[in-house]
Structure formats: C-alpha cells, structure tokens
Amino acid sequence: MKFSFTQDQRLFAEGLRDLLSKQCTPTHVREAWENQTGHLPDLWSRLTEMGVLSMLVPESQGGMGGTLIDAVLLFQELGRAAVPGPVLEHMAVAAPALAHSQWAHALNDGTATATVWVDTGPYVAHAQVADLILRNDAVITGFSSTDVHGIDGGRQLFTISGGSESAASAQVFGLPASDVMALASAAYLIGVSEAMIEVAAEYARQREQFGKPIGSFQAVKHLMSDALLKVEFAKAPTYRAAWSASTGSSTALRDISMAKALASEAAYRASRSTMQVHGGIGYTWEADLQLWMKKSWALMRAYGDATYHRRRVGASVLHG
Amino acid sequence: MDLNETAQESAFRSEARTWLEANVPTSALPSFDTAEGFALHRAWEQKLYDGGWSAVSWPVEYGGRDADYIMWLIFEEEYYRSGAPGRVNQNGIFLLGPTIMEVGTQAQKTKFLPSMASSEIVWAQAWSEPNAGSDMASIRSKATRDGDEWVLNGQKIWASRAVWADWCFGIFRTDPTAERHRGLTFILCPLDLPGITVRPIAQLDGDTGFAEIFFDDVRVPLANTLGEENKGWAVAMATAGFERGVSLRSPARFTEAVKRLIHLWKTYGDPTDTALSDAVTDAWMQAEGYRLHTYQTVTGMLEGRTIGAEASLNKIFWSEMDVRIHEIALQILGPEAERMEGPSERWVDGFLFSLSGPIYAGTNEIQRNIIADRVLQLPKGM
Ligand SMILES: Cc1cc2nc3c(=O)[nH]c(=O)nc-3n(C[C@H](O)[C@H](O)[C@H](O)COP(=O)(O)OP(=O)(O)OC[C@H]3O[C@@H](n4cnc5c(N)ncnc54)[C@H](O)[C@@H]3O)c2cc1C
C-alpha cells in the first residue's frame, strides 16, 4: 500500500504549474472571456507541446501514454489557473477515446479541438470552438450551436442542432465518458478551490480594518480554516478515484462519484468563504476572484452535481 | 501509487485477524471508567501484550513488532472489526510511548516502555489545569529543584482515567521567572506518592472517567524529567502533533461505526426518506475520506515527510464526523433515542462521548486558529 505520487508525476505537475503561471494569468483568462469564445488558442498550443492534451493517449498513437493517476494532478493544476476552454473534455475524454480513429492525429497535434456531450446535462460546453463533439457512441461534426449563456465565461454553453454523426467509442480506460469527466472535473475543482483559498488568504494578510489585517480576526480565520478543511479532505478521495479508474477496480464508479460529490461541495464552500473575506470587492466584475468562483459554480453542476453523485454512492454502499 | 496491500501486509492482516478472533472477549467488558471495568481492560491489555499485539508499531525490544504505519493502520482495522475492548492505556502507548522513544534517555526507554506495553503501568495525561485549558502555556503547577529531586505543587484537572491509572505525565513550571511556554518541564510521576490526591470527576454519562490531581510537596527524582529542563513545551507539542495527526483516532473506529450506522438504517430507517439516506451516505463518505486521507498522510510519513500543523485538520475532521455519525443514528432511532438502554444504548452513550471530541486534545476552535496561523499563514490575532 502506497498512497503517493511518484517524483515524475509531481515534477510534471510542477512544470505545468510553471507554464500556467506565465501563460494563463487572470489577464489571459479574462481575454478568453472577452474574445467571446472562452478559449485561448495560444495556450492550447503550449499545452499540446507539453504533452498535456495527449497525456492519456497511448504512446503507440502518438500520445504520452499516461494513466488517470498521471493525469489527476494535471487536472488539478489546470483548475488552479482556471484554464478556460475545452481542456478537460479534450484531454480526459475525446483524445484518448478517439485515439484509434481518423481524428487521432489532429486531436494530438492540436489542429482539431474536441468537446464532450454527456447525459448528465442538456448542454454542450465549448461547442463553438470544437471541431467535433463526442456524444455517447458517436462523433458529431458540422453541427450548429446556440449560446445559452453559461455563468462561466471560460466555459461557454450551447445547445446543438444538425450535424452528421459517425460511430465512435466514448470509453476511456473502459469507463463511460461521463464518469471520466466527473473525475477530471473533481480534480479541477480541487485546484480551483486551492487557488481561491490562496487568493483569500493573501487578501486577508493585506487588507486592513480597525488598524489590523483582517486575517487577524478570528471570524475570518475560522471561515478560511473550514474552507481549507473541506478541500484537503476531498483530495485523497479524488486521487483514490483516479487510482480505481486506472486499475479497473470494481468500485471505480462509486469512487469517482464520491470524489465529485466532495470536490463540488468543497469548491462551493471555498467560493463562499473567499467571497465573504473579500467584502465588497468580492462582488465586483473587476476582482479576479470571479474567474475561479464562476468556474466552481459551473463545474459543481456539470457532469453530475453533489446530490446526483452522493446518491450513486448511496446506491452502492447502502444497498450493496 | 498502489492502493493494494502487499503480500506482507495481507499476511499481517490475516495473522492479526486470526489472533483477535481467537482472543477477543465474547461479551463486551464493562466501561473502563469503572473500577471493575478498568481492571478487566488492564487484563485484556496484558493478553494483547503476551500475544505481541499491544504496541505493534513499537520496536521489538520494547514489546512491539516494528510494524510500519501502514501495518499499524491495518492492525487498527482488524482491531475495530473484531469488536475488541477500548484501549485503557491509550495515553501511554500512543501518546507518551512515542515521545519517550523520540526524546527519552536510554534508561527511560528501558524503564518505562515495556511496562507500558504490557499495561502493568497505565498512564494518565496531566496537562490541563483549572486556569490553563486552551491556554495551556499559562500552566501554574510548579516543580522546584531540591537536590536530585523535583518537588511538585499545584493542581491538574480533566486527566482521563487518572482515577485508576498508575502514573501520570505532567507539565510543570520549573522556571518561575520565564513567561508562557518557556520555563516548563515535562515530568513523569507515580500517582500513589505521598502528597498526591486524586479526586474523581463524574462525566456526562455519570462515570468517573477523569479526575483532578492535587500535588502537595510531591517528590520525584530529577531522572523523571522527559527531554530537557525548561523545554517541556516542545516535548508536549511533539506528542500533541502525533496525537492529533494519526494515533489518537485511527480511521477504523469510524469506518466500523458507519458500518453499524448502515445496519441501524437498514433495520429502523425509513427507506423513502431521502434526506436520511443522503445523510447516512454522507457519513460513509466522511469515514471513507478520513481513511484515505490517513493512508495518504502515513505514506508521506514513511517517505520522510513530517506532519505539522495539518494535524489540526485531522482533529477537527474526526471529531465533527463522530458527532455527525451519532446524530444520524439518534435520528434513525427516533423516540428510542430518549432512552439510555434498549436498542439505542450504545448510540446514546456514544453520542455523549462524541460531544467531548471537539473539546479534548485541544478544542476545535484552537485547531482552527492553528490552521489559520500556520497553514494559511494569516497574521496572529492575539
Ligand atoms: C473527555 C475529556 C477528556 C480529557 N482528557 C484530558 C486528559 O487526559 N489530560 C488533560 O490534560 N486534559 C484533558 N482534557 C482537557 C481538555 O484538553 C480541555 O478541556 C481543553 O483543552 C479545553 O480547555 P478548558 O476546558 O479549560 O476550556 P477553555 O479553554 O476555557 O475553553 C472554553 C471555550 O472557549 C473557547 N476558547 C478558548 N480560547 C479560545 C481562543 N483563543 N479562541 C477561540 N476560542 C477559544 C474554547 O474553544 C471553548 O469552546 C479532557 C477533556 C475532556 C472533555
């Protein structure tokens, strides 16, 4: 029994953090919001070069040949930077699921962008910038999309009409696309939560009222400690879910649901505490905080919310 | 990452399971907060020791098995699964023992560890005072040097199991001119010496589970000092970190409680009440989450990382989870939960005890302060 990541896994994640700290600052994320696509083509090329987008594609198909254990810390790093665009959908599901299809090459080298449409919701995120949509056992191309105004400018939402379908597999490591998306978004939400807590802690060190930093007030301290508690205790379940998913464990779906339920709730708690600690500025468009908060409010609903996933866990542990 | 047990770990698990199945008393012992129950629990500890199971993570020379932390967790899982008695010498084996191994002299190790492992000597923790609870650094009980002895004076309170324990480990002010956490010394003291008065205190359940200890010119040799003189705070904090971090409440306690909760829900719960089934599921997730978190922490320790202030996160998590598990059980039991016996007995008892979890081992408010100051690096408030 060994519950830790390898040196290589940690170093790769650090490398990604480094890249994102330069290429995906809040200014970049705002650019994606403002260019009306929720997408950053430059960043996309960097992620392609680094091998992030093809992490789960087998080496024989031109990918990095990684497992979901290799990928889970990367999802988390992507969340820390609130990376906009279809990065999870492309990386976690479309690229590996279509690794043996005619699309494989274009998906790996970044010339084609894919998103995913799963049954947990009626909308398709990122459809406008996607060349193809993976939907159950089909690939849809040539569709038209209508913006339904998602809350997160980095995750634009659409309904889809028209287009043509061709048969495809929507399984990744033998798991349904919706579950892999739930796992990836759980890890991403942990990163989002970490970032929010860091931003709030930094603000609480700087901002002074009554002649003292607000972080010295106990009400503020306890709000932040409780937020951190939820995030820290969502991590191990999320990493375990990645392990279960990678090893074909019979509890993989249960474990993924546990991760998504906990991470969704942790992210929500972190968003509330972080906003509260910011006072009035937290309620403005100007504060960067919204880039993470809205990401958390979007992804906690997408790919099954906490109630949906808790009931899936319940179905397994109460009646199993 | 490999969450499967190794062959060695599985073999260890089945060895523990076999021994426990053959040796665990078939009916529950009376509470160790009674004279009779205390004696029976001590006898059980002796049996565990004879089987080599009382302190599995300790070195073999002191009565342990040199098991690593993962194996310790496995043993704990088997221990709770078997329904074995509570650990009456918990404060010795899991709290003081590791501290002696870390900072004790060779003579202290030889003298104290084997008798601790066998529970020939049961230990009580004498830190809190009437006016030094959360604010432990304001300890006033003092130790004054006289030749090669300490002379102890003062009063300790809330010392668990001190009514029947044999020795205590206390913290005393040895430098009267030093302030706060400076000038304190960690001293080991028998509880039957002249000048000691132990006054039992009845807990919420009516049993005398803790006690006040009065020291009136009590003499102990200087050799009973653990760690350096005037550095008792650091010694105590090392112990407290381990206590909160891993050893005080192992995950198996809660995963087993949740198994019983699910059984209770299946027996008495209204299956159409989704709020209730969600709550039971949530309790399962919390216990499972705590288990996973602990395995991750312990792997980190085996790889050379130390646990610092993050230990405070664990303490809040398990204590609040324990209250929650019991609240849900009482909700399932409905009107039966008003009774102290019948189907609810164990749950009502457990509920009462769970409420002390957010208080002992440093209140949860204090833990939140520690997390904010040391993990989140927020400015000090006091
Ligand atoms: C069942 C049980 C067993 C125990 N066993 C032992 C034992 O074996 N040995 C031993 O030495 N002690 C033991 N204790 C004592 C325990 O450690 C103390 O009760 C605890 O540290 C709190 O101290 P206090 O009771 O003086 O409460 P106080 O410190 O007076 O606290 C009262 C309230 O004020 C809050 N408070 C205090 N200071 C702050 C602050 N700075 N910020 C925010 N809130 C604050 C506390 O959180 C609490 O809610 C035990 C207690 C219990 C309940």
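Predicted model: local features only at pLDDT ≥ 70, side-chain atom pairs only at ≥ 80, totals over all residues.
Which residues gather in a patch of negative charge on the surface?

Residues are numbered from 1 along each chain as its sequence is written, chains are lettered from A and ligands numbered from 1 in the order in which they are written, and side-chain values use heavy atoms, with hydrogens and water left out.

Back to the patch. Its members are Asp205(B), Glu341(B), Glu345(B) and Asp349(B). Patch residues have over 30% relative accessible area and no salt bridge, and like charges are joined within 9 Å. A salt bridge here is a side-chain nitrogen of Lys or Arg within 4 Å of a carboxyl oxygen of Asp or Glu. Areas come from the Shrake-Rupley method with a 1.4 Å probe. Take a look at Glu341(B): this residue sits in the loop between α9 (311-333) and α10 (345-354) of chain B. Its relative accessibility is 52%, so Glu341(B) counts as exposed; the cut-offs are under 20% for buried, over 50% for exposed, and partly exposed in between.

Now for chain B as a whole. We have 11 helices and 8 strands, read as DSSP runs (H or I of at least four residues for helices, E of at least two for strands). The radius of gyration is 21 Å, close to the 21 Å that the globule rule gives for 382 residues, so chain B is as compact as a globular protein of that length. That rule, over C-alpha atoms, is 2.2 Å times the number of residues to the power 0.38. The C-alpha atoms fill a box of roughly 70 × 45 × 45 Å along the principal axes, and 55% of the residues in chain B are buried.

One backbone detail in this chain: Arg161(B) has a positive phi, near 60°, without being a glycine. You'll find Arg161(B) in the loop between β3 (149-160) and β4 (167-173), and at 12% relative accessibility it counts as buried.

Over to chain A, with 11 helices and 9 strands. The C-alpha trace spans about 65 × 45 × 35 Å, and 59% of the residues of chain A count as buried.

Where is the positive phi of Ala82(A)? Ala82(A), with phi near 50°, is in the loop between α4 (68-80) and α5 (87-97), and is buried at a relative accessible area of 1%. Thanks, everyone!

Technical notes
Patch = residues over 30% accessible without salt bridge, like charges linked within 9 Å, V, L, I, M, F, W, Y side chains within 5 Å. Lys, Arg positive; Asp, Glu negative; His and termini not counted. Charge placed at Lys NZ, Arg CZ, Asp CG, Glu CD. Buried < 20%, exposed > 50% of the residue type's maximum accessible area, 1.4 Å probe, protein only.
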